[in-house]
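Hello! Here is the structure I promised to pass on to you. Please open it next to this email, and then read on for what turned up in it.

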Amino acid sequence: GAGPKVLEFEKTFAEFAGAKHAIAVNTGTAALHAAVMAVGAKRDDEVIVPSFTFVATAESVALAGANPVCADIDPETYTLSPTAVEKLITKKTKAIMPVDLYGFSADMKPLREIADKHGLALISDDAQAHGATYEGKPAGSFSDVACWSLYASKNMMTGEGGVITSNSDQLEEKLRMIRCHGE
Ligand SMILES: *Cc1c(COP(=O)(O)O)cnc(C)c1O
């Protein structure tokens, strides 16, 4: 469980990210790993990630036992190409994981539409996107789960740390359980 300082931090971060819930974890990688587990991606499932990102994006999918599938990026924005994503969707696809790289948001609206059309979860890797916006809303607002890092090299940092934000009560409950080994 969390002590009063962590609970206060979670409340403040949720406000900052414009999200209903924030769950603090130890790293951005742990945030992504928990998010992949929470949306139910497991062995043999596929999660579409961008071909250009920090390795932890794909690593978190493998940690959960699922397969990362790399989609091309848009050469203008360097973020996940919605057109490339749609071509890679199979029966095994469980989630799409765009990365808001270098403080610049991926093209979330078409990605949200593709996810909804195919019944997929949208997990954003916001490890580098504190303070970034998309259509006037904080990064992560268009995703089911957003994952943040607080590692020393990031836009906002505590030395080491991570946060998960979500507007879903159901995902929040799952994420809090995953954080505490199922308790
Ligand atoms: C830093 C980073 C991570 C991992 O965060 P850690 O807190 O170092 O585990 C994941 N994705 C991206 C895009 C990152 O830049």
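Let's begin with methionine 97. Beyond its neighbours within four places in sequence, methionine 97 is in contact (heavy atoms within 4.5 Å) with Leu32, Val36, Val47, Ile48, Val49, Pro50, Thr57, Ser60, Val61, Leu80 and Ile123. Before we go further, please keep in mind that this is a predicted model, in which local features need pLDDT of at least 70 and side-chain atom pairs count only at pLDDT 80 or more, while totals for chains, interfaces and linings use all residues. Residues are numbered from 1 along each chain as its sequence is written, and side-chain values use heavy atoms, with hydrogens and water left out.

**The cores**

A nonpolar core here is a set of buried Ala, Val, Leu, Ile, Met, Phe, Trp, Tyr and Cys residues joined through side-chain atoms within 4.5 Å. Buried means under 20% relative accessible area and exposed means over 50%, with partly exposed in between (1.4 Å probe, protein chains only).

Which residues touch the most other members of the largest nonpolar core? Out of its 25 residues, they are Met97, Ile123, Ile164 and Leu175. Two or more residues of this core come from each of β1 (21-25), α2 (28-38), β2 (46-50), α3 (56-63), β5 (121-125), β8 (145-149) and α6 (169-179). These labels follow DSSP runs numbered from the N terminus: helices are H or I with at least four residues, and strands are E with at least two. With 6 residues, α2 gives the most to this core. Another core, of 17 residues, lies apart from it and has Met108, Leu111, Leu122 and Phe142 among its members.

**The sheet**

Now look at the strands. An open sheet is formed by 7 strands in the order β1-β9-β8-β5-β4-β2-β3, with mixed pairing. Two strands pair if DSSP finds at least two bridges between them. The edge strands, β1 and β3 (67-71), each pair on one side only. On average, neighbouring strands of this sheet are turned by 25° against each other, direction ignored. For such angles, axes are lines fitted to C-alpha atoms (for helices over the stretch in contact), and the values run from 0 to 180 degrees between N-to-C directions.

β2 and β3 run parallel and are joined by 5 bridges; here valine 47 stands opposite proline 68 in β3. Helix α3 packs on the sheet, where it touches β2, β3 and β5, and its direction makes about 170° with that of β2. Helix α6 also packs on the sheet, touching β1, β8 and β9 (162-166), and its direction makes about 15° with that of β1.

**A closer look at α6**

The buried residues of α6 are Leu171, Glu172 and Leu175. Why do they line one face of the helix? Seen down the axis of α6, they fall within an arc of 105° (taken from the directions from the helix axis to the C-beta atoms), so they line one face. They pack against β1, α2, β8 and β9. Gln170 and Glu173 are exposed, on the face turned away from the buried side.

At the start of α6, a side-chain oxygen of serine 168 comes to within 3.3 Å of the backbone nitrogen of glutamine 170. Just after α6, histidine 181 has a positive phi of about 55°.

**Strand β9 and threonine 165**

In a regular strand the side chains alternate between the two faces of the sheet. In β9, Gly162, Ile164 and Ser166 point one way and Val163 and Thr165 the other way, and all are buried.

β9 pairs with β1 in the antiparallel sense over 5 bridges, and valine 25 stands opposite glycine 162. With β8, β9 pairs in the antiparallel sense over 4 bridges, and alanine 146 stands opposite threonine 165.

Is threonine 165 buried or exposed? Threonine 165 counts as buried because its relative accessibility is 4%. Its side chain makes a polar contact with the side chain of tryptophan 148 (2.9 Å). A polar contact is a pair of N or O atoms within 3.5 Å; within protein, one must be able to donate a hydrogen and the other to accept it, and residues adjacent in sequence count only if both atoms are side-chain atoms.

Enjoy exploring!
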